[in-house]
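Me: I would like to learn how to read helices, their packing and a few loop residues in a model like this one. Could you take me through it?

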Amino acid sequence: MRTDGRLLTCAVALVSVAALAGCRQDMHDAPRYEVFEANASMPDGRASRNLPAGTVARGQLRDDDHFYTGKVNGEFVTEYPFPIAAADMARGQDRYTVYCTPCHGQLGDGKGMVVQRGLRQAATYHQDRLRTVAPGYLYDVISNGFGAMQGYAEQVPARDRWLIAAYIRALQLSQNASVNDVPAADRGRLDAPPAAAGAPAAH
Amino acid sequence: MQIFPKSANAWSKASIFAVLGLVAGLGGAVGVMQRSDFVTAANTFRDQPVQFSHQHHVGGIGIDCRYCHTSVEVSSTAGIPPTKTCINCHSQIWSDSPYLEPVRSSFRDDKPLRWLRVHDMPDFVYFNHSIHVKKGMGCETCHGRVDRMPLMRQQNTLQMEWCLNCHRNPEQFVRPRSEVFTMGYVPAVDQRELGPQLVAEYKIQSLTNCSVCHR
């Protein structure tokens, strides 16, 4: 009986050692490049390649100046390149909250958190110059930056940049409205107490 | 002549159980080791080129995950931001800090910062961020309270049993789409009530077929 026990112990030990020897990571790390992985054979060390200059991927030709630059014949466009629906405004608000509030703040007054931490004062949208500029101008600034602001073309796709421009217009209205802007039927509600808190703000 | 004492009978019987116990103990030890941080690489810190603090940027300033991880809603990978994203603010803030010199030189020389990957799925696993985000899976569910991590670490094991725990019981983890990027989310009503509702609304399937992930 005791010999059997020893045999068993030896067998377990042998199997364990054999199993350990089988622990290779070949399938965990397959011989392929993952996104953003380094590749020593490339001059800049990147496995993900930039498009060679002057090439256009199929379906990505940006020949719509109105949509992609916000300008037609060098003039900022005064019309949006597509109709803006309510759902678009909601997405505009969402994108604004992600990419713009750090500096421009929830209200668009230029008092975002990063400004409070030392970035140069961001522009408030609630000034006459910005209330009257063309939507194409807002789109251009979002895309290419202005003053200390860097462009956001890499972070935000073109369509979303237009939606942010549209939402900025809504923000401007929200901070510069008079009682006369409220439809007569709804004016009575202005004096009503605010709705109970608890509905979380859209994020 | 008998060389074994009489007690050898008892010992030999006991040794059967001792061996069984040893095997069970070994098995248990292997199981514990397989789930340990030592094997899963959870809770270890990588020596990154810059000690980037999610706690400061997410928890302190309140920057949304998507400000940097721009492709999380549309791509399999959440995306590691280019140095330009850092420069959006750090062209002005801490712009002469020696601490951030690697960031500035990366931007100057157009050489990417070599961040070390913290969450590394095995290559035989297919994973896509965008579908999880669309189905109401919060960042926090897998990545933990990133807003409380001064240095990034892997919160969970990323092992298959961990994936399956949620794929089998999505109703325990799903949250409203509006709260996906929220850190420290607490369901407004009981999750036992909300979960099944959201699973139905978002048409979440309990996908546990092998080929869902191992394609």
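Me: How many residues of α1(B) are buried?

Reply: A residue is buried if 20 or more other C-beta atoms lie within 10 Å of its own, exposed if 12 or fewer, and partly exposed in between, with C-beta atoms placed from the backbone. Of the 28 residues of α1(B), the number buried is zero, so this helix lies largely in the open. Keep in mind that this is a predicted model, where local features need pLDDT of at least 70, side-chain atom pairs count only at pLDDT 80 or more, and totals for chains, interfaces and linings use all residues. Residues are numbered from 1 along each chain as its sequence is written, while chains are lettered from A and ligands numbered from 1 in the order in which they are written.

Me: What span does helix α1 of chain B reach from its first C-alpha to its last?

Reply: Helices are DSSP runs (H or I, at least four residues), numbered from the N terminus. The expected span is 1.5 Å times one less than the number of residues. Helix α1 of chain B, residues 8–35, reaches 40 Å, close to the 40 Å expected.

Me: Let's turn to packing. At what angle do the axes of α7 and α8 of chain A cross?

Reply: Two packed helices are described by the angle between their axes and the distance between the axes. Axes are lines fitted to C-alpha atoms, for helices over the stretch in contact, and angles run from 0 to 180 degrees between N-to-C directions. Here α7 (residues 135–144) and α8 (residues 158–175) of chain A come within 9 Å and cross at roughly 125°. Angles under 35 degrees count as roughly parallel, over 145 as roughly antiparallel, 65 to 115 as roughly perpendicular and the rest as oblique. α7(A) and α8(A) are therefore oblique to each other.

Me: Which residues make that contact?

Reply: Two residues are in contact if their C-beta atoms, placed from the backbone, lie within 7 Å. α7(A) contributes A:Pro135, A:Leu138, A:Tyr139, A:Ile142 and A:Ser143, and α8(A) contributes A:Arg161, A:Trp162, A:Ile164, A:Ala165 and A:Ile168. For classes, Ala, Val, Leu, Ile, Met, Phe, Trp, Tyr, Cys and Pro count as nonpolar, Asp, Glu, Lys and Arg as charged, and the others, Gly among them, as polar. The contact of α7(A) with α8(A) has eight nonpolar, one polar and one charged residues.

Me: How are α3(A) and α8(A) oriented to each other?

Reply: Their axes come within 8 Å and cross at roughly 95°, so α3(A) and α8(A) are roughly perpendicular. The contact includes A:Met89, A:Gly92 and A:Tyr96 of α3(A), with A:Ile164, A:Tyr167 and A:Ala170 among those of α8(A). By class, this contact has seven nonpolar, two polar and four charged residues.

Me: How many residues of chain A are in contact with chain B?

Reply: 31 residues of chain A are in contact with 33 residues of chain B. On the side of chain A that touches chain B, α1(A) gives the most, with five residues. By class, that side has 16 nonpolar, eight polar and seven charged residues.

Me: Finally, the loops. Where is B:Asn43 found, and is B:Asn43 buried or exposed?

Reply: B:Asn43 is in the loop between α2 (37–40) and α3 (54–60) of chain B, and with 11 C-beta neighbours inside 10 Å it counts as exposed. B:Asn43 has a positive phi of about 60° although it is not a glycine.

Definitions and conventions: Helix = DSSP H or I, 4+ residues; strand = E, 2+ residues; numbered from the N terminus.
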